[in-house]
Each structure stands twice: as C-alpha cells, then as structure tokens.
Amino acid sequence: MANSDMTSPATTSQTEFKPADAIAVLSRTPAVLNAWLRGLPEVWVRSNEGKDSWNASDIVGHLIVGERSDWMPRLRIILEQGQARPFDAFDRFAQAKQSQDKSLEELLDDFSRLRSESLSALQALNLQPDDLTRRGKHPALGVVTLSQLLATWAVHDLTHVHQLSRAMAHQYRDAVGPWSAYLGVLKCNGHSAP
C-alpha cells in the first residue's frame, strides 16, 4: 500500500547537476528525432500549430543552429574568457534562412552529425567540478555558470521535443472529437520564451 505522505525517488527534485546526466539526454536526441520523424507523411512533419509556430523542419533546423552557434561556442567563451566577453546573441529564427532548401532527412542527418561533433568536443574537454562553476555573461540574462549552460542545453532539447509533440498532435485536434477533453497536449500553449 502506498503512503501518500511518502515521496518516491521518481518524484523528488534532483538538485545536483551532473554533466553525464545531461550528456545522456543530449546524446539521445538525434536518435529520438530520427526514429520519430524520418519517413513520416508530410502532414506530420510540415504542419505546425498555426500562426507563427514551427513545424518539425523548423525545430530540427533550430537545433542545428544551436549546435553551430550556441552551446559549444558559449562553453568555450566561458572557459577561455569568462565574463570578460559576453556571449554572442543567438538568432532563434536563423533556421528560416539556413534550412529552407533542405529536406527533413538532410536536416536530421546534419543534426546527428553536428551533435556527435559537439559531444565529442565536450567530452574531450574533460571538465572538472571546478569548471562547472566558471561564469560567463549572457547578453540578456547576465551572469550564468557553465553548469547552467549545460543543463539548459539538455532542457532545451526536451523543450523542442515537447514542442514537436504539440505541433504533431495539433494536426488531429478536430479528428479526436470529444476525447480532446483528456488530451493535455491539445491544451498546452507552449512554454518557450516569447
């Protein structure tokens, strides 16, 4: 019999950041996206939630831009220059130009290759516990630590997997009929920055 006053390990909040745990998520994202998206009918991968929302190609393209100009470049700035040099601004919409002529399959391949390169470079740094407390300067958020950057990288992946599930579910929002009352993904308004 379960005691409702007891907290199970699965529901406790993990407060200690461990790079290996973040890498475990980061290393799986390309395979998750590949298994989920490759070969799907166009309705699932080219449709979005309406207005200015993103489809699967936009999301994968955005992840590619992050691999090229966000995560590892910012990590290197922290290690090499600390707070002396703020991070370059990140264009959250650069994929609109950079990915427009590529198929989803090409984008998935590019993302997988770039993520592998990023994680190889990250592991080659052999970060030590003291490195995780090193600080950099985000152009909008101010001072951040290397561990916060790595944690954000993993959660950023999860945010876009969540976004992808919303965009895909949106395509059947009417087809599910009254079951929509039980389908939280159809009620989610998203959780990304404005």
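**Close-up views of a predicted helical model**

Of the 194 residues in the chain, 36% are buried. The model is predicted.

**View 1. The chain as a whole contains eight helices and two strands.** Along the sequence, these elements follow the order α-α-α-α-α-α-α-β-β-α.

**View 2. Helix 3 (residues 56–69) packs on helix 8 with the two axes 10 Å apart.** The angle between the axes is about 170 degrees. Angles over 145 degrees count as roughly antiparallel, so helix 3 is described as roughly antiparallel to helix 8. On the helix 3 side, the contact is made by Ala-56, Ile-59, His-62, Leu-63 and Glu-67. Helix 8 contributes Trp-153, His-156, Asp-157, His-160, Gln-163 and Leu-164. By class, five of the residues in this contact are nonpolar, four are polar and two are charged.

**View 3. Helix 4 (residues 71–81) also packs on helix 8, and the axes come within 10 Å.** The axes cross at roughly 175 degrees, which makes helix 4 roughly antiparallel to helix 8. Trp-71, Met-72, Arg-74, Leu-75, Ile-78 and Leu-79 form the helix 4 side of the contact. The helix 8 side consists of Leu-146, Leu-149, Leu-150, Thr-152, Trp-153 and His-156. This contact has nine nonpolar residues, two polar and one charged. Trp-153 and His-156 of helix 8 are found in the contact with helix 3 and in the contact with helix 4.

**View 4. Helix 4 has a set of buried residues: Trp-71, Met-72, Arg-74, Leu-75, Ile-77, Ile-78 and Leu-79.** These buried residues pack against several helices, namely helix 3, helix 6 (104–124), helix 7 (129–132) and helix 8. They also pack against strand 1 (135–138) and strand 2 (142–145). Just after helix 4, Gly-82 has a positive phi of about 60 degrees.

**View 5. Arg-135 lies in strand 1.** Its relative accessible area is 43%, so Arg-135 is partly exposed. Leaving aside residues up to four places away in sequence, Arg-135 touches Ile-78, Gly-82, Gln-83, Val-143, Val-144 and Thr-145. Of these, Ile-78 is one of the buried residues of helix 4, and Gly-82 is the residue with the positive phi just after that helix. Arg-135 and Gln-81 are 54 residues apart along the chain, with their C-alpha atoms separated by 9.2 Å.

**View 6. Ser-69 belongs to helix 3.** With a relative accessible area of 37%, Ser-69 is partly exposed. Its C-alpha atom is 7.3 Å from that of Phe-90, a residue 21 positions away in sequence.

**View 7. The second largest pocket has a volume of about 210 Å³.** Eleven residues line this pocket, and those closest to its centre are Phe-17, Asp-21, Ala-22, Ala-151 and Ala-154. Helix 1 (19–37) and helix 8 (146–170) are the elements that give two or more residues to the lining. Helix 8 gives the most, with four residues. By class, the lining has seven nonpolar residues, one polar and three charged.

Definitions and conventions: Residues are numbered from 1 along each chain as its sequence is written. This is a predicted model: local features need pLDDT of at least 70, side-chain atom pairs count only at pLDDT 80 or more; totals for chains, interfaces and linings use all residues. Side-chain values use heavy atoms; hydrogens and water are left out. On a 1 Å grid over the protein atoms alone, a cavity is a set of points where a 1.4 Å probe fits but cannot get out, and a pocket is an open set with protein on both sides within 12 Å along at least five of seven lines; lining residues have an atom within 4 Å of a point. Grid points are joined across faces, edges and corners, and a volume is the space filled by probe spheres set on the points. Ala, Val, Leu, Ile, Met, Phe, Trp, Tyr, Cys and Pro count as nonpolar, Asp, Glu, Lys and Arg as charged, and the others, Gly among them, as polar. Axes are lines fitted to C-alpha atoms, for helices over the stretch in contact, and angles run from 0 to 180 degrees between N-to-C directions. Angles under 35 degrees count as roughly parallel, over 145 as roughly antiparallel, 65 to 115 as roughly perpendicular and the rest as oblique. Contact means heavy atoms within 4.5 Å. Buried means under 20% relative accessible area, exposed over 50%, partly exposed in between (1.4 Å probe, protein chains only).
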